[in-house]
Amino acid sequence: GLEDFRDETLSQPLTNALASLESAPRPPGWNLGDDADLHVLDADSTMRTRMLLQYEKNELKRDIVFLKGCFEQREGRLQMPGSGASEDLLVETMTVQEAMA
C-alpha cells in the first residue's frame, strides 16, 4: 500500500549514513557557523584532505524526505501521448531544506 515505502526500516539506514557524514571531523580552525559541509577525510594512512560533502548530504536528505512522505504532490498538466495538443505543467522548485521544513 501507500504506507509501505514510509517504513522506518527503509529510512533509518539513510538517517544513520547522514549522521555519520555530519559527524566527520572538521578542518583545524573550523568554527560553528563556517561551511557546514566542509570536512576532513583520510585519503590514506598518511594524508588527510578537505572535502565538501554538500552533494552527498543533500542526496541523503532528499531520499529521507521522500521515504518519510514529507512532500506534496503538485497537480499539473502534461501533453497526452499521441496527441498534438499540449497542456502546461507548472513546475515549482524547492531546496531540500525547504522540503524538510
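Helices (H or I, at least four residues) and strands (E, at least two) are DSSP runs, numbered from the N terminus. This is a predicted model: local features need pLDDT of at least 70, side-chain atom pairs count only at pLDDT 80 or more, and totals for chains, interfaces and linings use all residues. Residues are numbered from 1 along each chain as its sequence is written, and side-chain values use heavy atoms, with hydrogens and water left out.

**View 1. The protein has three helices and two strands.** Along the sequence they follow the pattern α-β-β-α-α. Of the 101 residues, 17% are buried (under 20% relative accessible area; exposed is over 50%, partly exposed in between; 1.4 Å probe, protein chains only). Among contacts (heavy atoms within 4.5 Å) with a separation of 6 or more, 38% join residues 24 or more positions apart.

**View 2. Ala-24 lies in the loop between H1 and E1.** Ala-24 has a relative accessible area of 12%, so this residue is buried. Leaving aside neighbours within four places in sequence, Ala-24 is in contact with His-39 and Leu-41. Ala-24 and Leu-38 are 14 residues apart in sequence; C-alpha to C-alpha, they are 9.2 Å apart.

**View 3. Helix H1 (residues 8–22) packs with helix H2 (residues 54–67).** Their angle is about 155 degrees, and their axes are 9 Å apart. Axes are lines fitted to C-alpha atoms, for helices over the stretch in contact, and angles run from 0 to 180 degrees between N-to-C directions. The angle therefore makes H1 roughly antiparallel to H2 (over 145 degrees; under 35 is roughly parallel, 65 to 115 roughly perpendicular, the rest oblique). In H1, the residues that meet H2 include Leu-10, Leu-14 and Leu-18. In H2, the residues that meet H1 include Leu-60, Ile-64 and Leu-67. The residues of this contact divide into eight nonpolar (Ala, Val, Leu, Ile, Met, Phe, Trp, Tyr, Cys and Pro), five charged (Asp, Glu, Lys and Arg) and two polar (the others, Gly among them).

**View 4. Asn-16 is found in helix H1.** Asn-16 counts as partly exposed because its relative accessibility is 45%. Leu-60 is 44 residues from Asn-16 along the chain. The C-alpha atoms of the two are separated by 9.9 Å.

**View 5. The protein averages a pLDDT (the predictor's confidence in each residue, from 0 to 100) of 78.** At least 70 is scored by 71% of the residues. Among the elements, strand E1 (residues 38–42) has the highest mean, 93. Helix H3 (residues 96–100) has the lowest, 74. Over residues 77–86 the pLDDT is below 50. Beyond near neighbours in sequence, that stretch has 10 contacts in the model.
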